[in-house]
Amino acid sequence: MDSKVTIVEVGPRDGLQNIKNQVPTEVKTELIQRLYDSGLRIIEATSVVSPKAVPQLKDCREVLQSKTVKQLAQTHSVRLPVLVPNIKGVTIAHSYGVSEVAVFLSASEGFSRANINCTVDQGIARAREVTSEAKKLGMIVRGYVSCIFADPFDGPTPESAVLRVVKELLGMGCYQVSLGDTLGVGSPSDVRKLIQTLHDNGVSLRHLAGHFHDTYGQALANVWEAYKCGIRVFDSSVAGLGGCPFAPGATGNVATEDLVYMFNRAGVTTGVDLDKLVPTGRWICSKLGIPTASRASAAISAK
Ligand code: HMG
Ligand code: MG
């Protein structure tokens, strides 16, 4: 097994997007800085989406033009991808100097309509335009496929639907596709089965990442199973923050602290300093007025 994994920290985007009270922009940018200081080198900074759809991230322009983000971007030692749903999002992101965007599709119809107001087919066509435009502008593009195991409206997702969207995203030029268990319902056996199906149908594991929400307490086990299957890139969120306004009942992402603790114990390098990350998680939770969802952080802090 490789002894290194890459973490894509999604706290400033997925982690905050479903928080009801408006989080001050300075807190968002300080969070990005603190995550960087903890050793994270890919941090999804925000999303440029309809402010009606996700009011919490309506200050995306302020985040992108903040001194913190500009200075970090100049260091070239960190990547700060931004989630975009359409050409408008790409154009805005580009005008603020963003060099990497992420497009997102659902494998299932119900969530596609709720999240991006179109069918899966229409979403694929839109993502193709977005990817092409972003590449023309010199950006690199990551893809997400949501609802890999189930959809909040349609129920279980067929593997064939996930395979189709993954192939579409890779075919249109995404350098990687993150497999999103948006509802957090999958368990390790589901993870193994899906990855096997994707692999058997010609998808290289080098182009996949895992994005597991923790609604049923399976997220960390899912990460480990995906790792054992050969996946080496994982999305996670500091303090286990996260959730989607269009996925009712779903909880946060796997906590970055728990993931780092687990990989540290296995001798797998993450590049993250847990001694710095734990206080960062405690700090953001104090700002949000919520307890941490990270078990490792709670245990370390109680010592
Ligand atoms: P629509 O209503 O069909 O689109 O929404 P529209 O083009 O008619 O635009 C509606 C309004 O939004 C207009 O403003 C546009 O200008 C504006 P108005 O004229 O009404 O004042 N608008 C924008 N503003 C800023 N940036 C933009 C933008 N686009 C339009 N890029 C649309 C369609 C896709 C825009 C909308 O549904 C949307 O923004 N959806 C995003 C929802 C979202 O962000 N969900 C959470 C992220 S996905 C997720 O969490 C899953 C993931 O974590 C993986 C997993 O867990 O599975 C990635
Ligand atoms: Mg998510």
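Reply: Helices here are DSSP runs of H or I with at least four residues, and strands are runs of E with at least two. The model under discussion is predicted.

Me: How much helix and strand does the span of residues 5–278 hold, and how far apart are its end C-alpha atoms?

Reply: That span is 44% helix and 15% strand, and its end C-alpha atoms lie 19 Å apart. The UniProt record, an unreviewed entry, annotates residues 5–278 as "domain: Pyruvate carboxyltransferase".

Me: How is the packing of two helices to be read, and at what angle do α2 and α4 pack?

Reply: Angles under 35 degrees count as roughly parallel. Helix α2 (residues 25–37) and helix α4 (residues 67–75) pack at about 30 degrees, and their axes are 8 Å apart. The two helices are therefore roughly parallel. On the α2 side the contact is made by Thr29, Ile32, Gln33 and Tyr36, and on the α4 side by Thr68, Val69 and Leu72. By class, four of the contact residues are nonpolar, three are polar and none is charged.

Me: Which residues of α10 are buried?

Reply: A residue is buried if 20 or more other C-beta atoms lie within 10 Å of its own. In helix α10 (residues 219–229), the buried residues are Ala219, Leu220, Asn222, Val223, Glu225, Ala226 and Tyr227. They pack against the strands β8 (176–181), β9 (208–212) and β10 (233–236), and against the helices α9 (188–200) and α11 (256–265). After α10 comes Gly230, with a positive phi near 115 degrees.

Me: Which members of the largest nonpolar core touch the most other members?

Reply: The largest nonpolar core has 88 residues, and those touching the most other members are Val84, Val101, Val103, Val145, Val223 and Leu259.

Me: Is Ala239 buried or exposed?

Reply: Ala239 counts as buried because it has 29 C-beta neighbours inside 10 Å. Ala239 is found in the loop between β10 and α11, and its phi is positive, about 65 degrees, although it is not a glycine.

Me: How far apart in space are Gly39 and Lys276?

Reply: Gly39 and Lys276 are 237 residues apart in sequence and 8.4 Å apart in space, C-alpha to C-alpha. Gly39 belongs to the loop between α2 and β2. Beyond neighbours within four places in sequence, its contacts are Gly271, Val272, Asp273 and Lys276. With 16 C-beta neighbours inside 10 Å, Gly39 counts as partly exposed.

Me: Which residues does Arg41 touch?

Reply: Arg41 is found in the loop between α2 and β2 (46–47). Residues up to four places away in sequence are not counted; Arg41 then touches Ser77, Val78, Arg79 and Gly271. Arg41 is partly exposed, with 16 other C-beta atoms within 10 Å. Arg41 and Asp151 are 110 residues apart in sequence and 31 Å apart in space, from C-alpha to C-alpha.

Methods: Residues numbered from 1 in each chain as written. Chains lettered and ligands numbered in written order. Predicted model: local features only at pLDDT ≥ 70, side-chain atom pairs only at ≥ 80, totals over all residues. Buried ≥ 20, exposed ≤ 12 C-beta atoms within 10 Å, placed from the backbone. Contact = placed C-beta atoms within 7 Å. Core = buried A, V, L, I, M, F, W, Y, C linked by C-beta atoms within 7 Å. Axes fitted to C-alpha atoms, helices over the stretch in contact; angles between N-to-C directions. Parallel < 35°, antiparallel > 145°, perpendicular 65-115°, else oblique. Nonpolar A, V, L, I, M, F, W, Y, C, P; charged D, E, K, R; others polar. UniProt positions renumbered as here; feature names shortened; annotations may be inferred.
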